[in-house]
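Here is a short briefing on one chain of a structure, written for someone meeting it for the first time. The notes go from strand pairing to a sheet, a hairpin and the domains.

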Amino acid sequence: MRRDRVLTVARIDLSRLFKSLDYWIPMGVLAMVFFVILPYGLLTVVTSTTSSDLVNKIGEVLQSLPGPVQENVVGDTPAARGAYMLAVYLLAPVAIVVPLTISSAVGAHSIVGERERGTGEFLAHSPLTVREIFVGKMLASLVPGFLATAVGFSIYAVLVNVKVGPLIGGWFFPTAGWWILILWVVPPFIVVALSVILWVSSKVRSTAAAQQAATLVSLPVIMAAYAVSSGLLIDPVVAAFSVGLVAWVLAAGGLISGSRSLNRESLLGMGAE
Amino acid sequence: MPPAIELTNVTRRFGDITAVDDLTLTVPEGTITVLLGPNGAGKTTTVRLATGALGCDEGAIRVLGLDPIRDGDEVRSRSAVVPPKPALYDRLNGWDNLRFTADIFGADHAAILPAAERFGIDDALDLDVAGYSTGMRTRLALARAVLHDPQVLLLDEPTAGLDPESARAVLNLIRELAGKGRTIVLCTHLLHEAEGVADQVVLMGAGQARIVGSQEDLADRFVTNPAVIIDAEDRAALARLDAHQHVVSADWNGSVHVRLTHLDRLPDLVADLVAAGARLTRVEPDNPTLETLYFEMQRSLREGSRAPDDRPQALREVS
């Protein structure tokens, strides 16, 4: 497998993608909602509330959390502790939802789109190996999701520090758990999901069918990743690396089996279901 | 010199359908081979088998001495395919489409502009391909095909739906590359466009190469009564043509199109006409067009007729 060819495949997909406003506008809105609007609204409500009822309810919620979580929640007041909990723990799935949604949208269209345009024929007759095509498309699907996440996460970090930081004595975000989540745990989960999505994309007849299937694939991955990431944020040191390692092994397996599922015939539109 | 493409008893099935059926075909290096045949004859599958985009179920394929499956990267690096519909990235401009191809095939970026100029689309390289006309798209696809100077060029219905200018660009490309010793395989329905370019004509049907030969050989075999065009200062002097012993028929439409019993009889006919006082202004062979040959061959296959045993050496029926 030649790296320059993989990068060429990824580059051409990304070039097309970056020119597609009809793709970027909804994806940008999605990232904005999850990383900015939703957290801003919730944090504003929690940090600026004067309602004693709401403060009491937040206190009750905090009391119901497991011991290890309570120990990690920082803040002197229920409002500060509630805001910290919200920012650090409850919004964890954002880190999964946004890149996975964006990447799966790209991935679902990736191979079936080549067939629909007829460019699959060109790729099938090219000296590219199917593995180079698969990995290039995987890369092209990953980049938009992570790019959106990197930008969104940076904005989210500033937002959290500005809104919650003053209540707990300064900037604190990202915590160690978030770094591990973003850099070590989320990527392999997305690779696993994309491997399945690209496999689906190589088998179905239309982009619409691929997107339906991608949704089915994404949901369980999001749920699994949410469960894992929430646990890791609570106790990042103990489990994070081992969970991440398992996820990376799964991702490697997904890459290998996914790339085997693609062949030149499927690029030509044969064997699609 | 080994053949550029050699298929030996190749069969390829898609489920219950046999797209290519025990096909044996040889394309000599540096020649132009035209594959003719109706839809479903197996032309496109043959092209796909040649590049290794498809594998065969049975038989053996060699392209440039290599196995297109085992040595597929090498075969595809040294060949190019122009599909019926130009497979281009619409959201990218012409330059990016060509650059992508250059990077994949390992061609120099310096080859992009000359290739675009060659097909007259250099002025449009900065425009998105989505805005290209059909002809421009085909010319871009042609520019893309020659970027890496392929040794084998496979054109699958490249002129379908093209304006005359673009169709001419395709034919000029074929002639130019053939002149440089490249091997060309052209699948087409448009017989008049393939007229005169083919070193070898292959009539395909039901996944088989039914008839193979040069245009001249095929004419010898399938056109039993050769034709000549004759004219004279005084047409009345040609009146005796209708009753001449070596004339099968004479079609008086402008010049006279005469079908002879055999081409060897032409000197006798000319001598008789001159002796009868005709001042001839034109005597030239009326070679059958590829279209005429195509339908003659199809008719021959339908009727199950076979060529005489003394047919030309180069001509062979493969299936």
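Two strands are said to pair if DSSP finds at least two bridges between them. By that criterion, strand β1 of chain B, residues 5-14, pairs with β4(B) in the antiparallel sense, over five bridges. The model described here is a predicted one, and the points below are grouped by topic.

**The three-stranded sheet**
- In chain B, an open sheet is built from three strands in the order β2-β1-β4, and the pairing is antiparallel.
- The edges of this sheet are formed by β2 (17-27) and β4 (58-63) of chain B, each of which pairs on one side only.
- From one strand to the next, the twist averages 25°.
- Within the pairing of β1(B) with β4(B), which runs over five bridges, E6(B) has R62(B) in β4(B) as its bridge partner.

**The hairpin**
- Strand β11 (residues 247-253) and strand β12 (residues 255-260), both of chain B, pair in the antiparallel sense over six bridges.
- A250(B) has its bridge partner in β12(B), namely V258(B).
- One residue lies between β11(B) and β12(B), which form a hairpin, and G254(B) in the turn has a positive phi of about 75°.

**The domains**
- Chain B is divided into domain 1, made up of 5-78 + 150-218, and domain 2, which covers 225-285.
- Between the C-alpha centres of domain 1 of chain B and domain 2 of chain B there is a distance of 40 Å.

Notes
Residues are numbered from 1 along each chain as its sequence is written. Chains are lettered from A and ligands numbered from 1 in the order in which they are written. This is a predicted model: local features need pLDDT of at least 70, side-chain atom pairs count only at pLDDT 80 or more; totals for chains, interfaces and linings use all residues. Domain bounds come from an automatic or database domain assignment. Helices (H or I, at least four residues) and strands (E, at least two) are DSSP runs, numbered from the N terminus. Axes are lines fitted to C-alpha atoms, for helices over the stretch in contact, and angles run from 0 to 180 degrees between N-to-C directions.
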